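Student: Could we go through this structure together? I would like to begin with the sheet and then move to the helices and side chains.

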Amino acid sequence: MKFEIPDLPYNRDALEPHISEETLNYHYGKHHTGYLNKLNKLTDGTRYEEMALEDVIRASFESEDQAVFNNAAQTWNHTFLWNSMSEDSDGKPHGSLAGKIDDKFGGLDAFRKRFKELAVGQFGSGWVWLVADGGELDIFSTPNAHNPLTTSSVPLLTLDLWEHAYYLDFQNERDRYTEAFLQYLINWEFAQANYDAIQGGGRERRSGTG
């Protein structure tokens with residue numbers, strides 16, 4: 001069985017002017033696809049071949065199979081990223097998640113401030129995540145390919161902090177890139193659906209990973 005990635009949930013120019021079509025051509029068309037192709041080569045004929053992608057991530061992490069872990073996690077992370085963004089974002093959460101953000105962070109502005117601090121403060125490449133753990137919200141960053149699947153936390157949304165995600169549009173200004181995501185691109189419906197799934201007793205995410 002070969003792993004696959006879904007099509008983008010929007011046209012490649014849909015996130016402009018914040019994320020350009022050129023960036024998505026490289027980011028999705030080359031980087032994400034590159035991780036997928038490496039993953040399929042690494043797992044061909046191995047015990048990982050018949051596993052679900054999330055199980056490959058956990059198993060390779062536990063066995064310290066770094067090459068498989070890196071490419072499996074980056075394949076999953078990027079699909080989760082595409083779903084974390086929307087061309088129709090109004091920039092703010094609704095429903096039960098909005099109330100939880102108010103309770104945990106003291107309001108949307110405080111949430112944005114903390115998210116941006118962690119994104120800008122992450123040294124080198126990585127990701128920043130809004131997660132739920134035991135019914136409580138948290139924000140944390142991870143280096144390189146690491147993600148919450150190897151922890152007790154359930155991801156609700158993410159932002160890619162690797163320079164290939166933003167350099168063509170923002171050069172080295174990660175702060176402006178993060179601000180654009182927070183103000184204009186977050187898919188709060190996706191985050192809410194992930195949160196609702198937890199409240200319903202499930203751990204699985206609407207990641208679009210199949």
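Tutor: Let us begin with a definition: two strands pair if DSSP finds at least two bridges between them. Helices (H or I, at least four residues) and strands (E, at least two) are DSSP runs, numbered from the N terminus. In that sense, strand β1 (residues 126-133) pairs with β3 in the antiparallel sense over six bridges.

Student: Before we continue, what kind of model is this, and how are residues numbered?

Tutor: This is a predicted model, in which local features need pLDDT of at least 70 and side-chain atom pairs count only at pLDDT 80 or more, while totals for chains, interfaces and linings use all residues. Residues are numbered from 1 along each chain as its sequence is written, and side-chain values use heavy atoms, with hydrogens and water left out.

Student: Is β3 mostly covered or exposed?

Tutor: Mostly covered: seven of the seven residues in strand β3 (residues 154-160) are buried. Buried means under 20% relative accessible area, exposed means over 50%, and partly exposed is in between (1.4 Å probe, protein chains only).

Student: How does α4 pack with α8?

Tutor: α4 and helix α8 (residues 188-199) pack at an angle of about 90 degrees, with their axes 8 Å apart. That makes α4 roughly perpendicular to α8, since angles of 65 to 115 degrees count as roughly perpendicular, those under 35 as roughly parallel, those over 145 as roughly antiparallel and the rest as oblique. Gly95, Ser96, Leu97, Lys100 and Ile101 in α4 meet Trp188, Ala191, Gln192, Tyr195 and Asp196 in α8, where contact means heavy atoms within 4.5 Å.

Student: Where is phenylalanine 111 found, and what does it touch?

Tutor: Phenylalanine 111 is found in helix α5 (residues 108-121) and is buried, with a relative accessible area of 0%. Not counting residues up to four places away in sequence, phenylalanine 111 touches Ile101, Phe105, Leu130, Ile139, Leu182, Ile186 and Trp188. Phenylalanine 111 and isoleucine 101 are ten residues apart in sequence and 7.0 Å apart in space, C-alpha to C-alpha.

Student: What about leucine 130: which residues is it in contact with?

Tutor: Beyond its neighbours within four places in sequence, the contacts of leucine 130 include Phe105, Phe111, Phe115, Val154 and Trp188.

Student: Changing topic, how many salt bridges does the structure hold?

Tutor: The structure holds seven salt bridges. A salt bridge is a side-chain nitrogen of Lys or Arg within 4 Å of a carboxyl oxygen of Asp or Glu.

Student: Which residue forms a salt bridge with glutamate 136?

Tutor: Lysine 100 does, the closest N and O atoms being 3.9 Å apart. The pair links distant parts of the chain, with glutamate 136 in strand β2 (residues 136-143) and lysine 100 in helix α4 (residues 95-105), 36 residues apart. Glutamate 136 is partly exposed at 44% relative accessibility, and lysine 100 is partly exposed at 21%.

Student: And which residue does arginine 58 bridge to?

Tutor: Arginine 58 forms a salt bridge with aspartate 55, with the closest N and O atoms 3.7 Å apart. The two are three residues apart in helix α2 (residues 53-62), so about one helical turn separates them.

Technical notes:
Axes are lines fitted to C-alpha atoms, for helices over the stretch in contact, and angles run from 0 to 180 degrees between N-to-C directions.
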